[in-house]
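Please keep the sequence and the three-dimensional view at hand while reading.

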Amino acid sequence: MSATAELLAAARADADRTVDLRRRLHRRPEIGLQLPRTQAMVLEAFADLPVELTTGTGTSSVVGVLRGARPGPTYLLRGDMDALPVQEDTGLDFSSEVPGAMHACGHDTHVAMLLGAARLLSERRDALAGQVVFMVQPGEEGFHGARVMLEEGLLDVVPEAPVRGAFALHVSTMWRSGTINVRPGPMMAAADQFAITVRGRGGHASTPYLAADPVPVAAEIVLALQAMVTRRVDVFDPAVVTIGHVTAGAVNNVIPETATMEGTIRTLSADSRAAVLAGVERVATHVAAAHDLTAEFTHVAGYPVTVNDPDVAAQVTATAATLLGEQLSSVMPVPLMGAEDFSYVLERVPGAMAFLGACPPELDPETAPGNHSNLVRFDEGALPTGVAMYAQMALQALAG
Ligand SMILES: [Zn+2]
């Protein structure tokens, strides 16, 4: 048996333990940066392995270090562990027992696969020249958990050998179970939130010339933003601007004083991110000024663009083809416009994030409930594939 076939067979032989941890996590989801019960389960799962553990000071993060038999560089594997504020409706017998919380993005599977990889790598320390860092992070769902871990020294957890490469997997029902999907360059978008408040002067609806009506100005801004995107943004470096929330006024016969809009900007490069943010502000304030009103623009920076190193992405594709067969390894033609906070790690070290297809075999990836749905189910048959991918990426990076 080849070394990769042996690795996959070992991951499959250990599947019961991986599934058991996944289901225990699934029953008790926690949201945000403080995940005490989840952290306790992670520490317990690492306890019988030769992994040095530290926990976060500002959050419930866990960092494990496995030292290989010989010295060498340090390679990072990421698994996120937070859940979403969703009421689970899957009917699974290990459904969430916490009202209003669900592992609807599959982060429970990520932790379980990372622990499975830690077990395989612990048994193969002789093959490792260097250190494997296991990054188990809270707060991926909008809480910037990865950024907090970086600020707390994640990349220097092995002081003599700072982290030199990184890899993460994310399950998705968008792909057939057991497939590995990745692409070079931009993989996921930057996601920034913004709000615009148009300020006028209230009055009687019958005498708009005596008031300063913010409603038509807000409507004009909504449309002008779409024209700005099509006329000012390079079609080969695309952007999405969506206004998802508009409020103004209360009754039919009163002109309100303000109208507010909230939206999101999705971009795939740092240049277009900066240009579109500036463009939204410029259009809003100038359209308002044209009508002698004012507009205030505020924004909350979300995650940056998730950019895969082209060489590492190619290595992921090749590794998956060797491990699983060519037909289970594919290059994504386009990025996803969702966002991911592993982007912060990839800003600092070359690496890649890949999607592990986990659509239940009886469903169609085109129509199966997607990540974040109250009905989403992930195929546990894909977990050994993820375990072996994590382990193999580290074995290759630290082959010496
Ligand atoms: Zn997720």
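The model is predicted, so local features need pLDDT of at least 70 and side-chain atom pairs count only at pLDDT 80 or more, while totals for chains, interfaces and linings use all residues. Residues are numbered from 1 along each chain as its sequence is written, and side-chain values use heavy atoms, with hydrogens and water left out.

**Zinc site**

Three residues coordinate the zinc ion: C105 through SG, H107 through NE2 and H170 through NE2, at 2.1 to 2.3 Å. Donors are N, O and S atoms within 2.8 Å of the metal (3.2 Å for Na, K and Ca); water is not among the atoms, so sites may look incomplete. Along the sequence the donors follow the spacing C-x1-H-x62-H. C105 belongs to the loop between β3 (70-80) and α4 (107-122), whereas H170 belongs to strand β5, and the two are 65 residues apart. Helices (H or I, at least four residues) and strands (E, at least two) are DSSP runs, numbered from the N terminus. C105 counts as buried because its relative accessibility is 7%, and H170 counts as buried because its value is 6%. The term buried means under 20% relative accessible area, exposed means over 50%, and partly exposed lies in between (1.4 Å probe, protein chains only).

**Strand β5 and its partners**

Of the 14 residues of β5, 11 are buried. β5 runs parallel to β3, to which 5 bridges join it, and here L77 has F167 as its bridge partner. β5 also runs parallel to strand β16 (residues 351-359), with 8 bridges between them; H170 has F355 in β16 as its bridge partner. Strands are taken to pair if DSSP finds at least two bridges between them.

**Largest pocket**

The largest pocket holds about 530 Å³ of space. Its lining has 28 residues, and E141, G338, A339, E340 and H372 are the closest to its centre. A pocket is an open set of points on a 1 Å grid over the protein atoms alone where a 1.4 Å probe fits, with protein on both sides within 12 Å along at least five of seven lines; lining residues have an atom within 4 Å of a point. β5 (163-176), β8 (190-199) and β12 (258-267) each supply at least two lining residues, and the largest share, 4 residues, comes from β5.

**Salt bridges**

The whole structure contains 18 salt bridges, each defined as a side-chain nitrogen of Lys or Arg within 4 Å of a carboxyl oxygen of Asp or Glu. Three of them are listed here.

| Pair | N to O distance |
|---|---|
| R124 and E6 | 2.8 Å |
| R23 and E380 | 2.7 Å |
| R78 and D341 | 3.7 Å |

R124 lies in the loop between α4 and β4 (129-137) and E6 in helix α1 (residues 3-13), so this pair ties together parts 118 residues apart in sequence. R124 is buried at 14% relative accessibility, while E6 is partly exposed at 35%.

R23 in helix α2 (residues 15-27) and E380 in the loop between β16 and α10 (383-397) are 357 residues apart. R23 is partly exposed, at 30%, and E380 is buried, at 16%. A network of salt bridges links R22, R23, D108 and E380.

R78 and D341 are both buried.

Technical notes: Grid points are joined across faces, edges and corners, and a volume is the space filled by probe spheres set on the points.
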